[in-house]
Amino acid sequence: MTIGWRNTLLCSFVLCAAPPASARVAFTGYGDLRWSLLTRAGIGGTPAALKALKAEEGESHSQSFRADAVGLFATTELREDLSFQLDLSYRDIGAQVGQTRMQYAYLDYSALPDTSLKAGRFMLPLGYYNENRFYPFHRDPVNPPVFTASILGLPISDWGVSASKKFPGEAFTPELSLFAVNGYGPVSGTKDHLREPTPLGLSLANSLRASDANHKPAWGGRAKLSAGDSEAGFSYYRGEWDSSGTKALQMMSLHAHARAAGLDAVVEGLRMEAEGDQGFKDAVGGPDWRTTGFLGSLSYSLSGPRGLPLVPFAQMEYYLTRTKDGSGSRELLRSHSAGLALRAASGLILKAEYIRLFYLLPMESKGGEIHIAADGVTLGLVITY
């Protein structure tokens, strides 16, 4: 049995740290509770496409209360310049926990000024939303952007190493982050399927595994410039995803975040390119495809009941996927949402949101398509402790 390069490096870090016997662990956490007052979804399409994906045409209504996630954070300082960070999230919670996810678990070494070195599983420095708006207590909307969460996968976290360096200035602070990680792999049970057609796509997060699919680490980084509460940046990711290590997946992102006079705005654009994907070829008509799109979020903080912070917000996204040469059919996702968030206490946020979604999935191999139109109202309760 061989140990992967990420495990070897992480174990070496732990051994070199020589943690003192007095090291203490600090625990914090959160709960994300949601009540879907009314969700309405209609599905339609051509008979051949519906049959291929085992979907039924019609409209459905649902109402439910659930705990979307309960998370536990653990932090320990091994030395003054070395700490260990861990996040476990529990999902699909009923009588039992359906899923246990480790969002991150890494050593953070910061002996040099304005420098951080990480080893383990960490959130990749890609765009803005991934690191800054994943947790429900960091964002005003109840739901994260649909494409980012359901197809791209949120958060994007992987095993590997990263380094970041800030260069503080009087007016601006440039920051450069670099990383090398396992990268994406093929869908379980296949060698050359990165995505496969399903009624709402397939989350690429399912292809992030505990080991490298082809012994070729993925790499990338982010350059950003910040001033006060505002920043702008460019991110890049590249890695060979298939089992033979010959087909590339690239992601490029531009983002901007600004906060002033109670307004908070985020805009993030994405361009993603994949080669040799025989799985999604059934959808768009070719193995080499490209996704382009953006998300935008705007909120405004004002004084609500009893002077408590009340935040109206709006969020939208638009993503389009088709073959690189522009032939074939296109996958389309767009959504709009709006609502209110009330910060009732330092560890309590009440939310209400209306969201409307349209999703079009082509089935080029069947000469048809499936489309989903859905909307609903959701109440949220976020507790931090």
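This is a predicted model: local features need pLDDT of at least 70, side-chain atom pairs count only at pLDDT 80 or more; totals for chains, interfaces and linings use all residues.

Let us begin with strand 1, which covers residues 25-45. With strand 2, residues 58-79, strand 1 pairs in the antiparallel sense over 17 bridges. As an example of a bridge, Gly31 has Val70 in strand 2 as its partner. Strand 1 also pairs with strand 17, residues 368-384, again in the antiparallel sense, over 15 bridges. There, Trp35 is bridged to Leu379 of strand 17.

I turn now to the largest pocket, which holds about 1,300 Å³ of space. Which residues lie nearest its centre? They are Arg34, Arg66, Asp68, Ala149 and Ser150, out of 47 lining residues. Strand 2 gives the most, with 7 residues. By class, the lining comprises 21 nonpolar, 15 polar and 11 charged residues.

The second largest pocket contains about 480 Å³ of space. Of the 25 residues that line this pocket, Asn132, Arg133, Phe137, His138 and Arg139 lie nearest its centre. Elements supplying at least two lining residues each include helix 3 (129-132), strand 11 (263-274) and strand 12 (289-300). The most comes from strand 5, with 3 residues. This lining divides into 12 nonpolar, 5 polar and 8 charged residues.

Thank you for your attention.

Notes
Residues are numbered from 1 along each chain as its sequence is written. Side-chain values use heavy atoms; hydrogens and water are left out. Two strands pair if DSSP finds at least two bridges between them. Helices (H or I, at least four residues) and strands (E, at least two) are DSSP runs, numbered from the N terminus. On a 1 Å grid over the protein atoms alone, a cavity is a set of points where a 1.4 Å probe fits but cannot get out, and a pocket is an open set with protein on both sides within 12 Å along at least five of seven lines; lining residues have an atom within 4 Å of a point. Grid points are joined across faces, edges and corners, and a volume is the space filled by probe spheres set on the points. Ala, Val, Leu, Ile, Met, Phe, Trp, Tyr, Cys and Pro count as nonpolar, Asp, Glu, Lys and Arg as charged, and the others, Gly among them, as polar.
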